[in-house]
Amino acid sequence: ETDNKLSHLRIRLPVELVERLKELAETNRRSMNAEVVQALRNHEKGYTDMETIQKRLDAIESKIGSLT
């Protein structure tokens, strides 16, 4: 279930980043706010995926180590 509670956050960004954000938002047919939210979610998911991959690699290395 999605939590519909919203919080406001005011940030300062370099001009070139704002311009890139505008381009991405237009390309993806999103508001700039929605583009930022999506980018943060993608970033967070990337870390989660990397943690999962690392755990799997550790398990494989452990199995290989027990074979030698």
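Trainee: Where is the place of glutamate 35?

Mentor: Glutamate 35 sits in helix H2. Keep in mind that this is a predicted model.

Trainee: How many helices and strands does the chain have?

Mentor: Start with the secondary structure. The chain has 2 helices and 0 strands. Its radius of gyration is 19 Å, well over the 11 Å that the globule rule gives for 68 residues, so the chain is more spread out than a compact globule.

Trainee: What box do the C-alpha atoms fill?

Mentor: Taken along the principal axes, the box is roughly 55 × 30 × 25 Å.

Trainee: Which share of the residues is buried?

Mentor: Burial is read from relative accessible area. Under 20% is buried, and over 50% is exposed. In this chain, buried residues make up 4% of the 68 residues. The exposed surface comes to about 6900 Å². Carbon and sulfur atoms supply 54% of that surface.

Trainee: Is glutamate 35 buried or exposed?

Mentor: Glutamate 35 has a relative accessible area of 8%, so it counts as buried.

Trainee: Which side chain meets glutamate 35 in a salt bridge?

Mentor: First, the general idea. Side chains of opposite charge can pair when their charged atoms come close. Here, arginine 30 meets glutamate 35 in a salt bridge, at 3.1 Å from N to O. Arginine 30 is partly exposed, with a relative accessible area of 32%.

Trainee: How many salt bridges does a search of the whole structure find?

Mentor: The search finds 3 salt bridges. Let us go through the others.

Trainee: What do glutamate 19 and lysine 22 form?

Mentor: Their side chains form a salt bridge, with N to O at 3.6 Å. Now look at the spacing. Glutamate 19 and lysine 22 are 3 residues apart in helix H1, so about one helical turn separates them. Glutamate 19 is partly exposed at 38% relative accessible area. Lysine 22 is partly exposed too, at 40%.

Trainee: Which residue forms a salt bridge with glutamate 23?

Mentor: The partner of glutamate 23 is arginine 20, and their closest N and O atoms are 3.3 Å apart. Read the spacing again. This pair is 3 residues apart in helix H1, so about one helical turn lies between glutamate 23 and arginine 20. Glutamate 23 counts as partly exposed at 45% relative accessibility. Arginine 20 is partly exposed at 44%.

Trainee: What is the phi of arginine 29?

Mentor: Most residues other than glycine have a negative phi. Arginine 29 is not a glycine, yet its phi is positive, at about 55 degrees. Arginine 29 lies in the loop between helix H1 (15-27) and H2. Its relative accessibility is 78%, so arginine 29 counts as exposed.

Trainee: Which residues form a nonpolar patch on the surface?

Mentor: Met50, Ile53, Leu57, Ile60 and Ile64 form the patch. Together they have about 470 Å² of accessible area. Take one of them, leucine 57. Leucine 57 is in helix H2, residues 32-67. At 42% relative accessibility, leucine 57 counts as partly exposed.

Terms used. Residues are numbered from 1 along each chain as its sequence is written. This is a predicted model: local features need pLDDT of at least 70, side-chain atom pairs count only at pLDDT 80 or more; totals for chains, interfaces and linings use all residues. Side-chain values use heavy atoms; hydrogens and water are left out. Helices (H or I, at least four residues) and strands (E, at least two) are DSSP runs, numbered from the N terminus. The radius of gyration is taken over C-alpha atoms; the globule rule is 2.2 Å times the number of residues to the power 0.38. Buried means under 20% relative accessible area, exposed over 50%, partly exposed in between (1.4 Å probe, protein chains only). Accessible areas come from the Shrake-Rupley method with a 1.4 Å probe; for residues, only the protein chains shown count as cover. Patches are made of residues with over 30% relative accessible area and no salt bridge: like charges are joined within 9 Å, nonpolar side chains (Val, Leu, Ile, Met, Phe, Trp, Tyr) within 5 Å. A salt bridge is a side-chain nitrogen of Lys or Arg within 4 Å of a carboxyl oxygen of Asp or Glu.
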